[in-house]
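Here is a short note for a colleague who is opening this structure for the first time. Please keep the sequence and the model side by side while reading.

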Amino acid sequence: MTRVVVDPLTRIEGHLRLSTEVNENGVITDAQSSGMLFRGFERILVNRDPRDAARITQRVCGVCPTSHAMASGNALDDLFGIADQIPKDALVARNIIQGLNMIASHATHIYVLWLPDIVNPAYRDVLATIGETGNALWKELLYRFAPISYRIDGVSIPPGKAYVNAIKEKKRLQEAIAIIAGKMPHQMSSILGGVTYRPNVADIGKLASYYYEVMDFVDSSTLGVDHGTWLHNTFQASSPQNAVKFVVEHLQELVDKSLLSNDFSHSAGWGDVELLAAFGCELIGETLLGLPASLKLDRTGGYDSNSSVGFLTYGVYYDVENGDGYDPLEFGKTGFQKAAFITNSLEHQKFDHRNVTEEISHSFYTGEDNLHPFDGVTEPVIDADEINYSGNDQSKYSWMKAPRYKGVPCEVGPLARMIAMEEPLTMGLIKSFTDNGYSAANTFTRMVARVQEMLIISEQLRKWITSDLDPNGRFSVPADLNMAKDSQGIGLWEAPRGALGHWVKTGSDSKITNYQMVVPTTWNSSPRDKNGIPGPIEQALIGTKVSAVENLLGIDNSNPTGIYHAARSYDPCIACAVHTIDLTKENGRNKRVFDIV
Amino acid sequence: MTTIENTDFFSMDRRTFLKVVGAIGASAFLGVHHTDITKALEISKTKIIWIHGAECTGCSESLLDAGNPDIVQAIQKLNVDVVYHETLLAQQGIFVDGKPAGTSELNSEILLDEAIEEGDYILVVEGAVANGPNGTGKYCMYGERTFKEIFKKAASNATFIMAVGMCATYGGINAADSEIVDMTDFRGVAFQRVDPSKGMLTELGIEKPVINIAGCPAHPDWILLTLAAVILGKIQLNDLDSILDKYKRPLVFFPEDITLHENCPRRGYYDKGIFDTEFSGDACLWKLGCKGPYTHSDCALRRWNGSVNMCTQAGSPCISCCEPGFFDNGAPFYQEAEDKAIFSGLNMDNAAKIGIGAAAVGVAAHAARRILFDNNNEKEEEK
């Protein structure tokens, strides 16, 4: 047994340590995921003006600050009792801000954070085993996806074309957000009661132009076909089977055309998605298309068949068809991305936030365990000797708590959202995988879901910008601080990387007495709970083979690609996950969890 | 006569370029924008080690939003070698049975140690340094060591240190008022809030030249233009006092005698005494809590994200995110400042000297505020 530790896992937000045991067959048999930072965010919020929370909580994460501003805004709208009055156009503006950030964040994750793993030198060696085709493919991957400051065997590799262009598009998307939200990161516009800015006709024109530029990037890099064609045949397919059929037939055409010429360029029809779908995935590439090799990403990051890991989403984006206002307690019941809890056997259940609890048996906190976020009474360990990250399943080893839904660890993020909306391509792929003995959730399905969500939201975004946003509409409603006296609010939302909840309580002076955030990476990167059940990333690591393509060229513990792929496919954000933690001020009133149905 | 306006940097060889740049003052050079800086970076090769402590990665995100030069231009074409940057580099820390495995091409821990030992680099710090609990620094660790140890090692061998963003400069949100702030004990590189005696360098007994790029996040121009000036020797590291304010911010971006308010796109409304009292309007944001008159930054001129917008233009009160002591000094963000103690370093004289035609009410209110703020300012500094 060998102990293989990745620390820090780079190309994510924040500091994450993954500690694994690898057996003599190169299979990971045990894993611990540790958040390595304690900041004390929620303690900092106590005793402040609640309106400031929408600005302060953005500083939890500079990658997805808008999501925190939105979740916080929802909690504040509820706290002040004005959620039902928020003007429709303010909700549209918030949707646009979030939609743009969702695309920017996904693009950053795919191109800047995740794809550099595909140009790991281990894949050069694997692809070399299939001769000219493999070598041509390796060159194409390097040409597209190499990161900055990259060297292999002492030779500097220039940054990839797709990598560089993705950074430009990400920058443009941030500019688009800034048009209506002042600046990015840490946008200034979404506040209690609406947004601070009334976009004019020129702004709407600019937003539309940014939108079309981004879609140009999608069509000239991400996809080998026009995005409209892709969505029509996948997202709008008549059945999940037909969605998969379209993709496989599309890939088959490309393969037939290119295997002789070894031309894998974009002009030959190979978008980034097509390259990864054909050569990244064993089931599609080798089994269905008959290719001689693949990177077998679908063999990494899956759950064991006995795993209990469920999928959770709170829903996201306001249903602007309904006009003014929304109901924070019913959030995610309407709209196009809905709330749901989905069991490990893919059974959909109604989401009820009262089922959310957080445990601390393996986290560096003391106090009562297994509480709803609203009743959290948690104190950080203050004795330095007790802070030991090389812990095991008997000890504390992370600054992340262990959130559970009905006691079940949950995966959150694009895959959970795509399952919740029963997106045809995602569901079709999942069925193909499970029928063939693979885990429904794996590195490949997570990445496909992320790309697919990026495309689906872009279509929605066009509608919000070009037809829903009315420059003559209203964009905010006033609220007096007194309205927050002895109150409480709930803010449910989705960050790019998954379900995000803010809970706030105030006292008789309207100041914050308690503020709780349960964030996506705390779900995904959770440590074990009191029953010893590992979190989703821990479970996804266990059973994954440690080195490239299922140890095809032997076990190499010093280049554990299996760990990189599995963990990064969740798009971890550790600053969020360890924003941590409040000591509830028991004020003798309102010791209740929200009573919603 | 050579002036910055009529100089064609692109037609020069390295020697001429340095000579010409040498003839122009540091502030003038820093005031230059865009393509000139591109050339400036092109002629020198500089190593940068960028480390992350307690932070949100917002400043790295902001850096990716840079333009002219953008980050890829800076790295690829302009000979800036980002040796280590946790969010961008291909490598990760890998330990097999407790020992760092492989080489610097795959292992970021080996890469970092080798780069530090090689020396001759600029250290960029993003994020605060945890000192807690009890001076151990264990509230922030990676690669089997505390960030405090990493910082100590990297700082000791650096040519100079640039602290980027509010967390690395003054502690930022990590050092904001709370019940646990003494326990977590987060430090900026050279300050904790406004206190230089509690900077992490002082704590560790290290003396290095430091420039603070304030902001939450730091503006990418502020980061890259300052780096360019240092690389070119336009900023003399042994004479930083002449170009920095007392919080070590470059005066050209954070002027002592001008506030954001002076150049605010909504300034005309203030002068006419027209104030918004509800959000999503067009007028002056003072009554909605704007702290622009107390914020020494060039945001209003430079603007953000490719200069498309900035906070007050988008109807948001300035929250003073680049003044030491942010978040407490600017808060509550949405409350008129008269009700709240504001912070140090302000100079309301200019704000009070509003031109002819200014609403008398505005002038009077500001005069009163000035006295209030000066008093509170002293309190903050004594703290």
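**Notes on the model**

1. Start at Ser308(A). Leaving aside residues up to four places away in sequence, Ser308(A) touches Asn344(A), Val408(A), Pro409(A) and Ile533(A). Contact here means that the C-beta atoms of two residues, placed from the backbone, lie within 7 Å. This is a predicted model, in which local features need pLDDT of at least 70, side-chain atom pairs count only at pLDDT 80 or more, and totals for chains, interfaces and linings use all residues. Residues are numbered from 1 along each chain as its sequence is written, while chains are lettered from A and ligands numbered from 1 in the order in which they are written.

2. Where does Ser308(A) lie? Ser308(A) is in the loop between α12 (282–288) and β8 (310–316) of chain A. Helices (H or I, at least four residues) and strands (E, at least two) are DSSP runs, numbered from the N terminus. Ser308(A) is partly exposed because 15 other C-beta atoms lie within 10 Å. The scale: buried is 20 or more other C-beta atoms within 10 Å of a residue's own, exposed is 12 or fewer, and partly exposed is in between, with C-beta atoms placed from the backbone. Ser308(A) and Leu291(A) are 17 residues apart in sequence, yet 34 Å apart in space, C-alpha to C-alpha.

3. Look next at strand β14 (residues 402–405) of chain A. Both of its faces are covered. Ala402(A) and Arg404(A) are buried on one side, Pro403(A) and Tyr405(A) on the other. In a regular strand, side chains alternate between the two faces of the sheet.

4. β14(A) has a partner in strand β11 (residues 356–359) of chain A: the two pair in the antiparallel sense over four bridges. Pairing requires at least two bridges found by DSSP between the strands. Glu359(A) has Ala402(A) as its bridge partner in β14(A).

5. Now the contact between chains A and B. Chain A gives 80 residues and chain B gives 78. On the side of chain A that touches chain B, the largest share, ten residues, comes from α7(A).

6. Finally, chain B is divided into domain 1 (9–242) and domain 2 (260–382). These bounds come from an automatic or database domain assignment. Between them, 16 residues of domain 1 of chain B are in contact with 14 residues of domain 2 of chain B.
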